[in-house]
Amino acid sequence: MRRFGHFAVGVEQGSVEMFSAFESGGPMWTGHGPRLEVQRVDFDEGFAEPPVVHVALSMWDVDRNANQRADIQAVQVTTQGFELQFRTWGDTRVARVRASWLAIGPVRHEDDFDAG
C-alpha cells in the first residue's frame with residue numbers, strides 16, 4: 001500500500017486515442033514493423049511526488065481472424081506526467097486503440113509551509 005503522508009490527495013483522469021492504423025495501413029494493422037505505440041500524457045497540474053497511475057483499454061478494434069494480444073501500461077511516471085505504452089505481437093492486428101487513465105497522488109496544499 002502506498003501512503004501519501006500529510007499531503008492533500010489529487011486525482012486526475014483522462015482518455016487518449018493512441019492510434020488509428022486501419023485507414024493508414026500502419027504497422028499495428030498490417031502486422032509488419034514496430035508493434036509499439038507511445039503517447040506522452042502531461043498532467044494539468046503537477047503532483048508533489050510521482051502519482052500512482054492506472055491505465056485501461058477503453059476501446060480497441062481488432063481483427064477477429066487473429067489472436068488478440070495486448071499489453072498497456074504507464075511508464076516513466078513523474079510529477080508532471082507519464083508515457084502511455086501499448087504493445088502487441090504475433091499475428092494480432094489492431095485497427096484502433098483508446099486508453100483511459102487515472103492518476104492518484106500527493107499534491108501541495110496552499111497551507112503547506114514552503115522553506116524554499
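**View 1. Val9, Val11 and Ile104 make a nonpolar surface patch of about 250 Å².** Patches are built from residues with over 30% relative accessible area and no salt bridge, joining like charges within 9 Å and nonpolar side chains (Val, Leu, Ile, Met, Phe, Trp, Tyr) within 5 Å. Accessible areas follow the Shrake-Rupley method with a 1.4 Å probe, and for residues only the protein chains shown count as cover. The structure is a predicted model, in which local features need pLDDT of at least 70, side-chain atom pairs count only at pLDDT 80 or more, and totals for chains, interfaces and linings use all residues. Residues are numbered from 1 along each chain as its sequence is written, and side-chain values use heavy atoms, with hydrogens and water left out. Valine 11 belongs to strand β1 (residues 8–20); strands are DSSP runs (E, at least two residues), numbered from the N terminus. Valine 11 counts as exposed because its relative accessibility is 58%, where exposed means over 50% relative accessible area, buried under 20% and partly exposed in between (1.4 Å probe, protein chains only).

**View 2. Strands β1, β6 and β3 form an open sheet in the order β1-β6-β3.** The pairing in this sheet of 3 strands is antiparallel; two strands pair if DSSP finds at least two bridges between them. β1 and β3 (52–62) are the edge strands, each pairing on one side only. From one strand to the next, the twist averages 15°; axes are lines fitted to C-alpha atoms, and angles run from 0 to 180 degrees between N-to-C directions. The antiparallel pairing of β3 with β6 extends over 10 bridges. Tryptophan 60 has valine 97 in β6 as its bridge partner.

**View 3. Alanine 95 is a buried residue of strand β6 (residues 94–107).** Its relative accessibility is 1%, so alanine 95 counts as buried. Which residues does alanine 95 contact, leaving aside its neighbours within four places in sequence? They are Phe19, Ser20, Ala21, Phe22, Trp29 and Asp61, with contact meaning heavy atoms within 4.5 Å. The C-alpha atoms of alanine 95 and aspartate 61 are 5.3 Å apart, although 34 residues separate the two along the chain.

**View 4. Aspartate 61 and arginine 96 form a salt bridge, with 3.3 Å from N to O.** A salt bridge is a side-chain nitrogen of Lys or Arg within 4 Å of a carboxyl oxygen of Asp or Glu. This pair links distant parts of the chain, with aspartate 61 in strand β3 and arginine 96 in strand β6, 35 residues apart. Aspartate 61 counts as partly exposed because its relative accessibility is 29%. Arginine 96 is also partly exposed, with a relative accessible area of 34%. By the rule given here, the count comes to 4 salt bridges.

**View 5. Aspartate 91 and arginine 69 meet in a salt bridge between two loops.** The N to O distance between their side chains is 2.7 Å. Aspartate 91 lies in the loop between β5 and β6, and arginine 69 in the loop between β3 and β4; the pair links distant parts of the chain, 22 residues apart. With 40% relative accessibility, aspartate 91 counts as partly exposed. Arginine 69 is partly exposed as well, at a relative accessible area of 21%.

View 6. Arginine 87 in β5 is the bridge partner of leucine 36 and of aspartate 71. The hairpin formed by β4 and β5 has 5 residues between the strands, and glutamine 76 in its turn has a positive phi of about 55°.

**View 7. Aspartate 42 and arginine 40 are joined by a salt bridge.** Their side chains meet at 3.1 Å, N to O. Aspartate 42 counts as exposed because its relative accessibility is 51%, whereas arginine 40 is partly exposed at a relative accessible area of 42%.

Terms used: Helices (H or I, at least four residues) and strands (E, at least two) are DSSP runs, numbered from the N terminus.
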